[in-house]
Amino acid sequence: MMKYVHQTSEVSVVRCALFAMARGLFSWVWLRKPIYIQARFSYLHMKYLFFSWLAVFVGSWVVYVEYSSYSELCRGHECKNSICDKYRKGVIDGSACRSLCEKDTLYLGKCLSAKPNNQVRSDSDPSSTVYSGGWGDLEGVIKCQMEEIPHYNLGAEMEHRKEASSFNKPTKGTSVEKFKEMVLSHLKTKVGEQANLPDLVSLVFSVADYNKDGLISLPEARSTWALLQLNEFLLAIVLQDREHTPRLLGFCGDLYVMEKVPYAPLYGISLPWVVELWIPAGVRRSMDQWFTPSWPRKAKISIGLLELVEDVFHGTFGSFLMCDVSADGFGYNDRHDLKVMDTRHIVPEATFQKAMRERRCDTEEDCLYGADCRTSCDLTKHQCTPEVTQPNLAKACGALKDYLLNGVPADIQEELEKQLYACIALKGSAEQMEMEHSLILNNLKSLLWKKISHTKDS
């Protein structure tokens, strides 16, 4: 009996011990659970606060940059008021003046120069602010010169901005014949003596005489003289019968309206700068090719760029150099015809060469204009040589290489790749290798046309 009681007591002790252990463990879990929940809540709270702060910071920075850029560069009302004030005083005149200043049928829409680094500017043209706009039923791009923004000139003889913006030439009492001599002398300096200057002067006067009354008034002449200081206006006249440059729709003073290009840039997608920072260059180049037309249409657009190279090389009105051949500078229309978005980096060869002869240098980098026009440095004289080291065609082929080879039909891939690399390898000015230049150009165009001629895209 005593043994049974003793065993029962031991069992009870063990049970009590186990119960006490279970109770302690349960109490520990019960006490720990709020701490775990509290820690998790604190983590989520801090995470939420961090991302909220980050969103507010990034959003505020974007708003600040956009607003400050707009207030500094995109003063559309100031541009319009300045132009219209001169128009009402009889200083300037042009085909767009009445629509802009009296009828209000020409309006400045969205500012396309919302960021300082996107401001349309080059060494040879003054800074201008660019707007989308409408003129009746036409969509256009309006470019207004901003006088007070500093810029660097290609050479001392290039753009006399102060003179142009004051609209003080020609002076009162200047005859039409005298004005023709002024224009002829200016164009000779810009495009060289080899160009067909009399015909070019006639084209300029046909644009200046917007009301087609056979007379050039002093306000019309002043507007025309100011516009002739701009490469884009000059090239619009030179290439006005070609399909690769947007049409000049009208002007008032040095404000002018160009035809809108529906699809731009040539390829690539626009991403927020925060995203751009995290994308490797190789991946970015691949992404640029994702949003492009079908290959036959890309071939037709590419033929347009090759034809543009032909148009600006030893054309009727002189030779021009393409100094920024990048996708951002080109677009296309609904028929997939190439259009130049901005011709400010297509400069007259004569002007370029004259400026380069006067430029001092210590390294090859000192002899670079724009993104693509490079000459060599003569270290014995510390002067840049006048001849470019790479012709327009080589730069165009470099811009088209990835564009054309992505999705190319297998039966022409090897031949196309071979011709493109031969084209990119061209060195020296086109004059020095005119035969080889023409041969490669014609071979490339023939290869592409032959492949797409039987398709509806041709």
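Here is a short chat about ring pairs and charges over rings in this predicted model.

Visitor: How many aromatic pairs are there?
Guide: The count comes to four. One of them joins phenylalanine 233 and phenylalanine 251.

Visitor: What makes phenylalanine 233 count as buried?
Guide: Buried means under 20% relative accessible area, and phenylalanine 233 has 2%, so it qualifies. Phenylalanine 251 is buried too, at 2%.

Visitor: And why are tyrosine 263 and tyrosine 332 called stacked?
Guide: Stacked takes planes under 30 degrees apart. Here the planes are at 20 degrees and the centres 5.2 Å apart, so the pair is stacked. Tyrosine 263 lies in the loop between strand 5 and helix 9, and tyrosine 332 in strand 7, so the pair ties together parts 69 residues apart in sequence.

Visitor: Are those two tyrosines buried or exposed?
Guide: Tyrosine 263, at 38%, is partly exposed, because that class lies between 20% and 50%. Tyrosine 332, at 11%, is buried.

Visitor: How do you know that the charged end of lysine 298 sits over the ring of tyrosine 403?
Guide: The distance part of the rule asks for NZ within 6 Å of the ring centre, and this charged end is 5.4 Å from it. Lysine 180 likewise lies over the face of phenylalanine 205, at 5.5 Å from the ring centre.

Terms used
Residues are numbered from 1 along each chain as its sequence is written. This is a predicted model: local features need pLDDT of at least 70, side-chain atom pairs count only at pLDDT 80 or more; totals for chains, interfaces and linings use all residues. Side-chain values use heavy atoms; hydrogens and water are left out. Rings of Phe, Tyr and Trp (its six-membered ring) pair if their centres lie within 6.5 Å; planes under 30 degrees apart count as stacked, over 60 as edge-to-face and the rest as tilted. Buried means under 20% relative accessible area, exposed over 50%, partly exposed in between (1.4 Å probe, protein chains only). Helices (H or I, at least four residues) and strands (E, at least two) are DSSP runs, numbered from the N terminus. A charge sits over a ring if NZ of Lys or CZ of Arg is within 6 Å of the ring centre and within 35 degrees of the ring normal.
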